[in-house]
Amino acid sequence: MVDYSFTEEQDLFRESLKEFCAREIAPRTELLERSKEMPEEIVKALANFELLGMTVDPEYGGLGGDAVTAGIAAEELAMANPNCAVPVFYLVMNSWSHVLNKYGTEDAKQEILTKSTKGEHFVGIASTESDMGSDLGSMKTKIRPEGDKYVVNGEKMYISGIGEAQKYGGGHVTLARMSEDLGTRGMNLFFLPLKDTPGITPTFIDELGREGISFGGFNIENVEIPKHYLIGEENKGFYIIHEGYELARGLIGLVCVGAATKALQNGIAYIKERKAFGRPIGKYEGIQFKLAEHHVRIQALRELSYKALWTYDQEAKGKASRFDVSMSIAMAKSVASQWAFDAINDVMQWQGAFGYTMECEDQKALRGVRSFTLAEGTVEIMKLIIARELLGKEFLAYR
Amino acid sequence: MRIIVCVKQVPDTTEVRIDPETNTLIREGVESILNPYDQFAVEEAVRIRDGVGEGRITVLSMGPDQARSALIKCLALGADDAVLLSDRAFAGADTWATSYTLAKAIKKLGDFNIIFCGQQAIDGDTAQVGPEVAQHLGISQVTYVEKAEVEGRKINIQKQTEEGYQILEAKMPVLLAGMPPTSFEPGYPPMSGILKAKKKPFEIWNAGDLGGDASRYGLDGSFTQVIKTYSPPPRGKGVIIEGDAPTAAKKLVEALVKDHVVSGGD
Amino acid sequence: MGIDVVLDKCTGCGLCVKACPFAAVVVKDKKAEIDARCTLCGACADACKFEAIIIQRPEQTTEDLSGYKGVWTFVELHGEGIRKVSLELLGKSSDIADELGEKVGAVLLGRDTARHCDGLAAHGADVIYLAEHENLEDYYTQTYSAILCGLISNHRPSIVLFPATHLGRDLAPRVAATLGLGLTADCTGLSITEGMLLQSRPAFGGNIMADIICPGARPQMATVRPNVMKAREPDTGRKAEIVTVPVDIDLKGLDVVIKDVVSTVTKGVKSLEEVDLIVSGGRGMGNSENFAILEELADILGGGVGASRAAVDAGWRPRSDQVGQTGKTVSPRLYIACGISGKIQHQVGMKSSDTIVAINKDPEAPIFEIADYGIVGDLFEIVPALNEEFKRTLHKGK
């Protein structure tokens, strides 16, 4: 059997995190919700508490920690900020700094990571396009070498953090193809700076939720980037982008746990007090059954998510296989959003008409977790990954 | 500069509740925490050390093995090394035996300029151990310390009083019992502090390591004994007074006069 | 010596686990096991229905203690007068002394303090130990402790009580450690059992009560909470014997020196520990000016004004007015909480008040859980209405 306990350091870290969230995050909810981008106070607070480079090497200002520890922070941040804007900022920055840290050039790391860990640069992910999300092979954005640079043309859409990159500097880890043929060979991962970059025209879109982090797209017209912004080898981008997605997905699992846990706590407090027909509604079996079911699911999701991140860490130590990682990460992400959504939805239902108003806090969490059926990989793709691992590559769905 | 800070791990008594049915303590889910007054003492010690520019802070605690996590937190907050006094022989100690034990350990730790402790622990609430340790060590004490600043060979101290505060000047060595001002927000160590803490020296001493007279430790060495603990009688359920302001006011005054809480006039 | 589980009798029922305030008991393989967190408080032994937990306390065979006689109170001065709590302790000392057949002593240190002797006699003192010297004008641990230790060694009282004030809690433990005595802090109850002082006090932030004895050492010492004991009605006919204590104190050798004394309490206004009626304001007051209506109410009732941490943090009231875990613990006859939500940290500072009245516009405010009387509404309407009503009722015929 396995020892499921966290380390002493992780337990102490969680204690500190709760204090940090109570002082620096929870009180800034209002400020966050009326901001177009992550407010500077929050970015600085996250940076000062070493949360913006959890797995980045200390020489670039990171903590040099592991994915499980990063997961702990994801869970606690979501409990303090159920609308999920801060947890999303956190998980995007950490997942894609991780990739830059592992595969980027020394020059790029010195330029970008030393700033991003201090909260002075944003690091996001841009692979989705208007006409392409899951089917990375049919990507249209192109990159070609030209002298001592690369030139990129195309567009990206439904990207988080464009406003943050413009405001604070930094940019996005971007995927584009070099070859004319479609398919996943010939994909390149590189860093695309957004601020004051000629040829980049951003647009902004209002998301359904997650107020406080920006969202939108940008056109890319003959944008030049220096060669040292390439991440990994030329045409090998498709293979390394998965490490970023997987970390992000594992963290998303815990964000859903945090948001749902907070909602259930709100729900429990409510059903103990609210009376109908002479007794608190928490006494009715129907309510209790729902509560128990959601609790089990969220706890199961918690186990799945931490196990997935633990497996991710084990692979880095050579103790888990690719199969183990992609399977466990996909399992967690395949259910995270739905299970959290269902729990929050029922908490709103318990609150009756009030639950249907914007005054109800839980509706923010509902709209926030709804994004995770698609962010960093759709649930449909997760299920295909699981099935592929069980059935074998010959059964790949769209081939 | 050597500062020794005495700390205690305590149950979080603000989270403790009384079961209304059985009138007993509900202790489940109550965490063990670093006594908040002691955390203030640690953070002040760190501030003093940083102000002076050099120095060594040792944290000391008498407690069971679990008290380790409180000491690690102190190390994560900036203390340099830790000693845990852990032994069944220390159990059941009243403040006399506790202070004797701590003083013995301090003597073994060597020279110091300042002993810092919290004014009181939130479980015992006695505020006695500090002054008793000072007496055992034969050094002077200042209690209810809100602020302390080292200036050369003296310490400038702000001491809380019932009416306000006093400014004192003390020679070292001295024992300070820290009373956090309302502006104090306890620090929470970042992960890097926690990781560093794990690498700092941590020793566990038992009664044998301290030597001394074994009959002075724990229950044997205590002068006072707790013979009974019980829940305080519950306050009866209160009454909500209805009505608009003038009506409610009238009813309340009538009730208070009737109960002889206030006198009904001449 | 210590604590043992009688395995034959233990059924593993777990009542002891629930009773232990320190989480020191678990049930393993159907038997109770007690670990190093145990403080030998005895809660488990009391809870056990099968007498399966035995606590052996050491035999305190010591010298004959019958030679110690006298119930003493340390008298603390405040400004020109005696701190009210010392008079309360004299009252309690008188009760105890009557029961034991001993005399009541009052220990009075300071400068020009002889003028207080009549008052002390009137309040119950039989003997006054008077240490008068200009160098005793300010309290210093070093000087006061030396005199007190000398007095106790020479006169051998059986009990010495100190007020649980800043001074008392600084002095008493120093004396106890110097002489090797047991000391119980912050007592709310004192009585005699088998000739010994039974000391009752709250612990765990007031969530449990503990009964304590000191079987072996004399005198038995305790610090006692203000506003709990009752002072006797002054009997100006009473006379007390005065024992003048020779004082040879030199301030030059002091390691600690007072440089400045700052008072944040409004001049002439008593500090919260001195009053037995408190009107307190919290976040709901809104600003510092609004406290005027509370000051008016306190004036009408002859009490003081307190504040919650929120009001002090906001800068509306001075720190010396703060009631709560990080402020003062008070137990007045009447505590009126206005616009205070009553979080546990505030409750800890006032829940042993005799009568609690809460006024708050939030019916869910935790303060209502401990209030004897509650009014849900706007305090800015209710308090002025109360002021009118109290004026009318209390000053009838004036």
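Helices (H or I, at least four residues) and strands (E, at least two) are taken here as DSSP runs, numbered from the N terminus. The expected span of a helix is 1.5 Å times one less than its number of residues. The structure is a predicted model, in which local features need pLDDT of at least 70 and side-chain atom pairs count only at pLDDT 80 or more, while totals for chains, interfaces and linings use all residues. Residues are numbered from 1 along each chain as its sequence is written, chains are lettered from A and ligands numbered from 1 in the order in which they are written, and side-chain values use heavy atoms, with hydrogens and water left out.

Helix α1 of chain B covers residues 36-52, a run of 17 residues. From its first C-alpha to its last, this helix reaches 24 Å, close to the 24 Å expected at 1.5 Å a residue. Burial is assigned from relative accessible area, with buried meaning under 20%, exposed over 50% and partly exposed in between (1.4 Å probe, protein chains only). Because 12 of its 17 residues are buried, α1(B) is largely enclosed by the rest of the structure. Aromatic residues Y37(B) and F40(B) are among those buried, and the list also includes the acidic residues D38(B), E43(B) and E44(B). Q39(B), A41(B), V42(B), A45(B), V46(B), I48(B) and R49(B) are buried as well. After the helix comes G53(B), with a positive phi near 100°.

The interface of chains A and B was examined next. Contact (heavy atoms within 4.5 Å) links 15 residues of chain A with 14 residues of chain B. Buried area is the accessible area (1.4 Å probe) that two parts lose on being put together, summed over both. For chains A and B this area is about 1,400 Å², with 61% of it on carbon and sulfur atoms. A salt bridge is a side-chain nitrogen of Lys or Arg within 4 Å of a carboxyl oxygen of Asp or Glu, and five are found across this interface. A salt bridge of 2.8 Å, N to O, connects the side chains of R68(B) and E8(A). A polar contact is a pair of N or O atoms within 3.5 Å; within protein, one must be able to donate a hydrogen and the other to accept it, and residues adjacent in sequence count only if both atoms are side-chain atoms. Seven residue pairs, both residues at pLDDT 80 or more, are in polar contact across the interface of chain A and chain B. On the side of chain A that touches chain B, helix α1 of chain A (residues 8-25) supplies the largest share, 11 residues. That side has five nonpolar, three polar and seven charged residues, where Ala, Val, Leu, Ile, Met, Phe, Trp, Tyr, Cys and Pro count as nonpolar, Asp, Glu, Lys and Arg as charged, and the others, Gly among them, as polar.

D81(B) belongs to strand β7 of chain B, residues 81-85, and is buried at 9% relative accessibility. Its side chain forms a polar contact of 2.9 Å with that of T58(B). Not counting residues up to four places away in sequence, D81(B) touches several residues, including R56(B), I57(B), L75(B) and P201(B). In chain C, T355(C) is placed in strand β21, residues 355-360, and is buried with a relative accessible area of 10%. Apart from neighbours within four places in sequence, the contacts of T355(C) include R235(B), L256(B) and V261(B) of chain B, together with R333(C), Y335(C) and D372(C) of chain C. K104(B), in helix α3 of chain B (residues 95-109), is partly exposed at 23% relative accessibility. With neighbours within four places in sequence set aside, K104(B) contacts L210(B), G211(B), G212(B) and Y217(B). A separation of 30 Å lies between the C-alpha atoms of K104(B) and T229(B), which are 125 residues apart along the chain.

Backbone geometry was also examined. M172(B) and P173(B) are joined by a cis peptide bond with omega of about 5°, and P173(B) is located in the loop between β11 (164-171) and β12 (174-178) of chain B. R218(C) and P219(C) are likewise joined by a cis peptide bond, with omega of about 0°; P219(C) is in the loop between β14 (208-213) and β15 (220-224) of chain C. N222(A), although not a glycine, has a positive phi of about 50°. N222(A) lies within strand β7 of chain A, residues 215-226, and is partly exposed at 47% relative accessibility. E376(A), also not a glycine, has a positive phi of about 55°. E376(A) sits in the loop between α11 (362-370) and α12 (379-391) of chain A and is buried, at a relative accessible area of 12%.
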